[in-house]
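Please keep the sequence and the structure in view while reading.

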Amino acid sequence: MIIVMIMGMFIVTMLPRLIPVFIVEKIQFRPWVNRWLLAIPYAALGALIFPGILSVVPNQPIVGLLGGLVAITLSLLRLNVVFVVIGSILAAYIMINLLPM
């Protein structure tokens, strides 16, 4: 009985994920729809990251904002993502430990 339940949950979980793969592949969207769809991962990533930026130090959101600003600046300079992450960590570290607040 448990195996039947597990298989049922597998099917119910996988069907909504697999059906769009086969349907969307055959549909031709307008160019503006394609641009909109390509922007979704970046919007979702921003929605996931921004609350974390504000809560790096709970009483000092400026620390996270500065780290985020450094990350944006370094990424606009087209640096490798490793350097962007290290730069934003260093900026937050300097704000937390070296500057009096």
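A residue is called buried when its relative accessible area is under 20%, and exposed when that value is over 50%. In this predicted model, the term applies in helix α4 to V84, G87, S88, A91, A92 and M95. These residues cover an arc of only 125 degrees around the axis, which places them on the same side of α4.

What do the buried residues of α4 pack against? Their partner is α3, which comprises residues 61-76. On the other side of α4, I89 and L98 are exposed.

Helix α4 itself runs over residues 81-98 and contains 18 residues. From its first C-alpha to its last it reaches 25 Å, close to the 26 Å expected at 1.5 Å a residue. Its N-terminal end is capped by N80, a side-chain oxygen of which lies 3.1 Å from the backbone nitrogen of V82.

The protein as a whole has four helices and zero strands. Its radius of gyration is 21 Å, whereas a compact globule of 101 residues would have a value near 13 Å. The C-alpha atoms fill a box of roughly 60 × 45 × 25 Å along the principal axes, and 15% of the 101 residues count as buried.

As to confidence, the protein averages a pLDDT of 89, and 99% of the residues score at least 70. Confidence is lowest in helix α2 (residues 31-54), with a mean of 87, and highest in α3, at 93.

Definitions and conventions. Residues numbered from 1 in each chain as written. Predicted model: local features only at pLDDT ≥ 70, side-chain atom pairs only at ≥ 80, totals over all residues. Heavy atoms only, no water. Helix = DSSP H or I, 4+ residues; strand = E, 2+ residues; numbered from the N terminus. Expected span 1.5 Å × (residues − 1). Buried < 20%, exposed > 50% of the residue type's maximum accessible area, 1.4 Å probe, protein only. Arc of directions from axis to C-beta. Contact = heavy atoms within 4.5 Å. Polar contact = N/O pair within 3.5 Å; in protein donor to acceptor, adjacent residues only side chain to side chain. pLDDT = per-residue confidence, 0-100. Rg over C-alpha atoms; globule rule 2.2 N^0.38 Å.
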